[in-house]
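Subject: Structure for your files

Hello,

Please find the structure below, with the sequence. My notes on it follow.

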Amino acid sequence: CKMYSDLLATGGRWFVTTFQPRHMRRTLARVGSVCHVDKLRVDRIPGTSRVRYVVEHSVEGRARLCCIQNPTALFDESLYLKATVDLLDACGEECPVDVDDVDHRLRALRRSVADVAAAAAAAAAA
């Protein structure tokens, strides 16, 4: 819901979704679907202060994840991931990307996420 609130506040209409296996909570696919928000309606739930988002999306292409901007969101379900991506289908052909460099960056990110998790666990235990 926070993502849709942010989209409404900024006027954004695009986001990327990736596949995430249930048994691998902190593993993401490298390529995701570029989604466009076609219609977005906010309904108030009667008798509460809560709202419900009614949304229609269309898939417009693919994007490759290059860098996750907020890796702590992997550990906090109230947040959503923000990433730098390369569009793959913008012109019907793949954009040039150094796959080895992306792989190296993702490995470094996994190490830093593991370090953040270890630090959070240590702080919680203290």
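In what order do the four strands of the open sheet stand, and is the pairing parallel or antiparallel? The order is 1-2-3-4, and the pairing is antiparallel. Strands here are DSSP runs of E of at least two residues, helices are runs of H or I of at least four, and both are numbered from the N terminus. Two strands count as paired if DSSP finds at least two bridges between them.

Before the details, a note on the source. This is a predicted model, in which local features need pLDDT of at least 70 and side-chain atom pairs count only at pLDDT 80 or more, while totals for chains, interfaces and linings use all residues. Residues are numbered from 1 along each chain as its sequence is written, and side-chain values use heavy atoms, with hydrogens and water left out.

Overall layout

The protein has two helices and four strands, and along the sequence they follow the pattern α-β-β-β-β-α. Of the 126 residues, 22% are buried (under 20% relative accessible area, with exposed meaning over 50% and partly exposed in between, for a 1.4 Å probe and protein chains only). Among contacts with a separation of 6 or more, 44% are between residues 24 or more positions apart; contact means heavy atoms within 4.5 Å.

Going through the pairs in order:

- Strand 1 and strand 2 run antiparallel and are joined by four bridges. Valine 16 has valine 34 in strand 2 as its bridge partner.
- Strand 2 and strand 3 pair in the antiparallel sense over 13 bridges. They form a hairpin with six residues between them, and glycine 47 in the turn has a positive phi of about 80°. Glycine 32 is opposite alanine 63 of strand 3, and lysine 39 is opposite glutamate 56 of strand 3.
- Strand 3 and strand 4 are antiparallel too, over five bridges. Alanine 63 is opposite leucine 87 of strand 4, and leucine 65 has valine 85 of strand 4 as its bridge partner.

Helix 1 lies across strand 1, strand 2 (31-44) and strand 3, and runs at about 90° to strand 3.

Two residues in more detail

Threonine 18 sits in the loop between strand 1 and strand 2. Its relative accessibility is 27%, so threonine 18 counts as partly exposed. Leaving aside neighbours within four places in sequence, threonine 18 is in contact with Leu28, Ala29, Val31, Gly32 and Leu65.

Glutamate 56 is in strand 3. With 44% relative accessibility, glutamate 56 also counts as partly exposed. Not counting residues up to four places away in sequence, glutamate 56 touches His36, Val37, Asp38 and Lys39. From glutamate 56 to histidine 36 the C-alpha distance is 8.6 Å, and the two are 20 residues apart in sequence.

The largest pocket

The largest pocket has a volume of about 920 Å³. Its lining has 28 residues, and the closest to the centre are Met3, Val16, Tyr80, Leu81 and Lys82. The elements that give two or more residues to this lining are helix 1 (2-10), strand 1 (14-17), strand 3 (51-68) and strand 4 (83-87). Helix 1 gives the most, with six residues. By type, the lining divides into 17 nonpolar, five polar and six charged residues (Ala, Val, Leu, Ile, Met, Phe, Trp, Tyr, Cys and Pro are nonpolar, Asp, Glu, Lys and Arg charged, and the others, Gly among them, polar).

On terms: on a 1 Å grid over the protein atoms alone, a pocket is an open set of points where a 1.4 Å probe fits, with protein on both sides within 12 Å along at least five of seven lines, and lining residues have an atom within 4 Å of a point. Points are joined across faces, edges and corners, and the volume is the space filled by probe spheres set on them.

Regards

Notes
Axes fitted to C-alpha atoms, helices over the stretch in contact; angles between N-to-C directions.
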